[in-house]
Amino acid sequence: MNKRTLGREGLQVSALGLGCMGMSEFYGQGDEKESIAVIHRALDLGMNFLDTADMYGSGANEELVGRAIRDRRDEVVLATKFGIRRDGATRTVENNPEYIRAACDASLRRLGVDHIDLYYMHRRNPGVPVEESVGAMAELVRQGKVRHLGLSEVSADTLRKADAVHPIAALQSEYSLFTRGLEAEILPAARELGVGLVAYSPISRGLLSATLPSADELPADDFRRHLPRNTGENAEHNRALAAGVKRIADAAGVTAAQLSLAWLLAQGADIVPIPGTKRLKYLEENAAAADLTLTPEQLGALAAAVPADAVRGTRYPSMGEIEL
Ligand SMILES: NC(=O)c1ccc[n+]([C@@H]2O[C@H](COP(=O)([O-])OP(=O)(O)OC[C@H]3O[C@@H](n4cnc5c(N)ncnc54)[C@H](OP(=O)(O)O)[C@@H]3O)[C@@H](O)[C@H]2O)c1
């Protein structure tokens, strides 16, 4: 698979990464054996950029990734995140230096590695100056525990402040045909600074594949059952938009998921989507999207089918809540 470069320190990663979150939580039951096979197949295909976080499955996802890469650590660019603390059903955002140091050691232990290639602050707590948090993260780089730093879901202003303390290799935020909010200010700021953009939920959590079952057909523990984009009239509207993407994909001889990934790759060489899956079938389908180059006509058709603000419903049930 082609490589892309994240940030001005030159972190090289595969053009598409693999999101591992759904292997442990949020999108129905996973199967550990298949999840590990997915990670191995991704590495075989040169998709070497793996994404996890300490909170996914309350640590179980990092342990799973750690088991999968035990004999293949050198092939992997390993990204994980700290900052969302779970205490039963309660979640808090922790950004203070002492917490960051302990979280990093715990992630290294669960992953079974001696360093993390890209360490993100998962969410920001505005009560802690970002300079303080990034200062503590930079100390982890000096200690050799971490190679590069990232932030997730922060504003342009926070990104600028953070990057002034230590180069930020990547901003990880939600970006897809259906989620375009960062195009106005955040993406331009990242570009001005030379910060790469890691696009999470690039298939809009399955919606853009045009194959996602309706909310009430999803498993009881699937968190998408309650997402505003998947329920009521919003769902009808958004599924019609996804059907429009599928029509363009059909004409191109690809799937709607592949077209959605190729659209993101076409937005700039600094963008690295990280589609998530726990199935070999989807992994192979998604990986093949790295070889697609869209024509101006196809890009035009997508722009007409999905205007930037076309999707209905917020990304999370309440934007004030800490959700994943
Ligand atoms: N920084 C953050 O706050 C944040 C938030 C969310 C996610 N993330 C990261 O980003 C990664 C990707 O995002 P995501 O998993 O939320 O969303 P996504 O990649 O847009 O969609 C994943 C969902 O789509 C399905 N899917 C994947 N490929 C498909 C295909 N070719 N055809 C049909 N369905 C397909 C998957 O099914 P299966 O589950 O059945 O395989 C899964 O349910 C996560 O794994 C996680 O590492 C980060």
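**Briefing: helices and selected residues in a predicted model**

N48 is found in the loop between α1 (32-44) and β4 (49-51); helices (H or I, at least four residues) and strands (E, at least two) are DSSP runs, numbered from the N terminus. This is a predicted model, in which local features need pLDDT of at least 70, side-chain atom pairs count only at pLDDT 80 or more, and totals for chains, interfaces and linings use all residues. Residues are numbered from 1 along each chain as its sequence is written, and side-chain values use heavy atoms, with hydrogens and water left out.

**Annotated domain**
- The UniProt record, an unreviewed entry, places "domain: NADP-dependent oxidoreductase" at residues 16-304; UniProt positions follow the numbering used here, feature names are shortened, and annotations may be inferred rather than shown by experiment.
- Over residues 16-304 the chain is 41% helix and 16% strand, with the end C-alpha atoms 25 Å apart.

**Residue N48**
- N48 counts as buried, at 11% relative accessibility (buried means under 20% relative accessible area, exposed over 50%, partly exposed in between, with a 1.4 Å probe and protein chains only).
- Leaving out residues up to four places away in sequence, N48 touches K3, V13, S14, L43, E75, V76 and V77 (contact means heavy atoms within 4.5 Å).

**Helix α5**
- In helix α5 (residues 156-165), the residues A156, T158, L159, A162 and D163 are buried.
- The buried residues of α5 fall within an arc of 155 degrees seen down its axis, so they line one face of the helix; the arc is that of the directions from the helix axis to the C-beta atoms.
- An α-helix has 3.6 residues a turn, so residues three or four places apart point the same way.
- The buried residues of α5 pack against α4 (130-142), β9 (146-152), β10 (168-174) and α6 (186-193).

- E132 lies in helix α4 and is partly exposed, with a relative accessible area of 43%.
- E132 and L78 are 54 residues apart in sequence, and their C-alpha atoms are 24 Å apart in space.
- T293 sits in the loop between α9 (280-288) and α10 (296-305) and is exposed, with a relative accessible area of 71%.
- T293 and A266 are 27 residues apart along the chain, and their C-alpha atoms are separated by 7.5 Å.
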